[in-house]
Amino acid sequence: MSDITLDLKDISKSYLQGKPGQVDVLRGANLTLHAGEAVALVAPSGAGKSTLLHIAGLLDAPDTGQVIVGGTDAAGRGDRTRTALRRRDVGFVYQFHHLLPEFSAEENIILPQLANGVSRRKAQARARDLLARVGLDGRADHRPAAMSGGEQQRAAFCRALANGPKVLLADEPTGNLDPATADQVFAALMDLVRGTGLSALIATHNMDLAARMDRTVRLENGVLKG
């Protein structure tokens with residue numbers, strides 16, 4: 001059985017923007033992720049990192065190329081199938097935690113599981129296990145406003161992993177944190193990657209954190225290198 005969790009093949013994406021007209025954001029980008037691997041994605045602002053992540057996570061479709069997630073080729077699939085595939089196999093983390101403010105940390109992790117058909121009892125057990133993995137077992141009943149920035153982001157990681165995805169996509173997940181907190185949050189993220197066997201593609205400007213991942217790919221002029 002292949003350990004490839006994400007395979008991007010010859011991905012191209014262009015947009016029309018007044019002047020100069022067509023902008024080629026991605027030009028034949030290729031990337032393969034393996035289970036248990038953390039890969040840093042670095043590029044200047046505006047170079048297309050978010051576009052690449054959205055395509056990898058099936059939130060957007062490429063103009064050309066294949067997106068294969070967990071062995072399933074998303075090309076030509078309808079919206080319902082793509083949504084089901086994304087819900088099952090992909091987790092997202094952003095620079096801001098986006099936790100639902102009216103719910104506790106535990107409830108934020110339970111909700112996506114309920115939406116995926118998991119029983120409340122199993123969803124609660126899963127939430128508690130994930131929170132314990134990142135040192136938040138004592139904060140499970142706290143709402144986001146009662147948690148620090150680092151705690152909120154660790155809870156966001158847990159929510160992203162609630163349904164046991166094969167791929168975690170993170171867009172500057174420590175960009176809103178001070179250096180010490182960013183280091184703690186990153187360590188928690190790496191523990192989750194190693195402990196669960198998923199793969200992670202993490203867009204970051206922090207080269208110190210990038211150096212601590214398994215490898216780094218660079219997006220230059222629409223092409224992935226490295």
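Predicted model: local features only at pLDDT ≥ 70, side-chain atom pairs only at ≥ 80, totals over all residues.
Figure 1. The chain has 7 helices and 10 strands (DSSP runs numbered from the N terminus: H or I of at least four residues for helices, E of at least two for strands). Its radius of gyration is 17 Å, close to the 17 Å of the globule rule for 226 residues, so the chain is as compact as a globular protein of that length (taken over C-alpha atoms; the rule is 2.2 Å times the number of residues to the power 0.38). Along the principal axes, the C-alpha atoms fill a box of roughly 50 × 40 × 40 Å. Among contacts between residues at least 6 apart in sequence, 70% join residues at least 24 apart (contact: heavy atoms within 4.5 Å).

Residues are numbered from 1 along each chain as its sequence is written, and side-chain values use heavy atoms, without hydrogens and water. Local features need pLDDT of at least 70 and side-chain atom pairs count only at pLDDT 80 or more, while totals for chains, interfaces and linings use all residues.

**Figure 2. Surface and charge of the protein chain.** The chain exposes about 10700 Å², and carbon and sulfur atoms supply 48% of this area (Shrake-Rupley method, 1.4 Å probe; for residues, only the protein chains shown count as cover). There are 27 positive and 25 negative side chains, and the centres of the two sets lie 5 Å apart. Lys and Arg count as positive and Asp and Glu as negative, with His and the chain ends not counted; each charge is placed at NZ of Lys, CZ of Arg, CG of Asp or CD of Glu.

**Figure 3. The largest nonpolar core.** This core has 40 residues, and Ile109, Leu131 and Leu168 have the most contacts inside it (a nonpolar core is a set of buried Ala, Val, Leu, Ile, Met, Phe, Trp, Tyr and Cys residues joined through side-chain atoms within 4.5 Å). At least two of its residues come from each of β3 (38-42), α3 (105-115), α4 (120-133), α5 (149-160), β7 (167-171), α6 (179-196), β8 (199-203) and α7 (207-211). Helix α6 supplies the largest share, 8 residues. Another core, of 29 residues, lies apart from it and includes Leu8, Ile11, Leu33 and Leu85.

**Figure 4. Surroundings of Ile109.** Leaving out residues up to four places away in sequence, Ile109 touches Ala127, Leu130, Leu131, Ala155, Cys158, Arg159 and Ala162.

**Figure 5. Helix α1 and Leu58.** Helix α1 (residues 49-56) is mostly covered, with 6 of its 8 residues buried. These are Lys49, Thr51, Leu52, Leu53, Ile55 and Ala56. Leu58 follows α1 and has a positive phi, near 65°.

Figure 6. Most residues other than glycine have a negative phi. Asp10, in strand β1 (residues 4-17), has a positive phi near 55° and is partly exposed, with a relative accessible area of 44%. Asn221 also has a positive phi, near 55°. Asn221 is found in the loop between β9 (215-220) and β10 (223-225) and is exposed, at 63% relative accessible area.

**Figure 7. Ala211 and Val39.** Ala211 is found in helix α7 and is exposed, with a relative accessible area of 64%. Val39 is 172 residues from Ala211 along the chain, and their C-alpha atoms are separated by 9.7 Å.

How values were computed. Buried < 20%, exposed > 50% of the residue type's maximum accessible area, 1.4 Å probe, protein only.
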